[in-house]
Amino acid sequence: MNRIMKYLFVFMMVLSLFMSSCKTDINDSKTLGELAAVEIKEYEGKDLSSILDFRENSIKGPQTVDITEYRLVVDGLVETPAELTYDQVLSNKKYTKMVTLYCVEGWSVNILWEGILLKDLFDKAGVKKEANTVIFHAADGYTTSLSLESIQYKNMMIAYKMNGVVLPPERGFPFQLVAEDKLGYKWIKWLNRIELSDNEDYRGYWEQAGYSNEAHIDP
Ligand SMILES: Nc1nc2c(c(=O)[nH]1)N[C@H]1C(S)=C(S)[C@@H](COP(=O)(O)O)O[C@H]1N2
Ligand SMILES: [Mo]
């Protein structure tokens, strides 16, 4: 091997290492059926629902988010606003939790969620002490909100995986809020902005239409 070939070889090795380390684990065009075939079916002795058991009824239908362009904005009443890439969000500590989503329509799904804590994003951004409300925004224009207290109480997370598979577009890729103990309309999909606020009167999409802002699950 001559010298140039050697340099080229080393360059290619470094390049391929670099490229494999930046590659994000996303579902490139797998169908829901294909994902359902590989999803986790039970957890700690309990049966899980399937990613096929949701009833897709989003206000504008499934959204396709280009992950190379995607940013998760954390702003409002914070010391340091942030615009995070998908990989930057995923660089936080990961958590797994089985939580049931109950829709007001009467159906529910018990899913094993994998995600990162809102607390970790909040700690990095530095939440100002006046903040008491968190307003969530999504790619389809949907919004919802929760009190900061209710998020802290359940230590809520945003999920990037369900039943072991990366969220498909229909299920909210790249992130869905796991609004534990709150009705389905608080579980915002295609999340792209988290706004810290002091507006306790804020009402999201379905809340403005008359749904309870507390969104308690009736036992
Ligand atoms: N961005 C966005 N998130 C959303 C919605 C929506 O229309 N847009 N619908 C909500 C409702 S009403 C429910 S029950 C859950 C689960 O909806 P799915 O079955 O359509 O996934 O997503 C919630 N998150
Ligand atoms: Mo819903």
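User: What makes the approach between the side chains of Thr133 and Asn132 a polar contact?

Analyst: In this predicted model, the side chains of Thr133 and Asn132 come to 2.7 Å, and a polar contact requires a pair of N or O atoms within 3.5 Å, one able to donate a hydrogen and the other to accept it. Residues adjacent in sequence count only if both atoms are side-chain atoms, and the contact between Thr133 and Asn132 qualifies because it runs from side chain to side chain. Residues are numbered from 1 along each chain, with chains lettered from A and ligands numbered from 1 as written. Local features need pLDDT of at least 70 and side-chain atom pairs 80 or more, whereas totals for chains, interfaces and linings use all residues, and side-chain values use heavy atoms, leaving out hydrogens and water.

User: Why is Thr133 called buried?

Analyst: Thr133 has a relative accessible area of 5%, and buried means under 20%, exposed over 50% and partly exposed in between, with a 1.4 Å probe and protein chains only; Thr133 is therefore buried. This residue belongs to strand β7, residues 133-138 (a strand is a DSSP run of E of at least two residues, a helix one of H or I of at least four, numbered from the N terminus).

User: How do you know whether Glu83 is buried or exposed?

Analyst: Glu83 reaches a relative accessible area of 56% and is therefore exposed. The residue is part of strand β4, which covers residues 82-84, and its C-alpha atom is separated by 30 Å from that of Thr31, 52 residues apart along the chain.

User: Which residues of helix α4 are buried, and what follows the helix?

Analyst: Helix α4 spans residues 118-125, with Leu118, Asp120, Leu121, Phe122 and Ala125 buried. Gly126 comes after α4 and has a positive phi, near 75 degrees.

User: What are the polar approaches to ligand 1, and how much of the ligand does the protein cover?

Analyst: A backbone N or O atom of Arg55 lies 2.8 Å from an oxygen atom of ligand 1, and a polar side-chain atom of Lys189 is 2.6 Å from an oxygen atom of the ligand. For Glu56, an N or O atom in the side chain is 3.4 Å from an oxygen atom of ligand 1. On its own, ligand 1 has 520 Å² of accessible area (Shrake-Rupley method, 1.4 Å probe), and the protein covers 98% of this.

User: How many helices and strands does the chain have, and how much of the chain is buried?

Analyst: The chain has 6 helices and 12 strands, and 46% of its 219 residues count as buried. Taken along the principal axes, the C-alpha atoms fill a box of roughly 75 × 45 × 35 Å.
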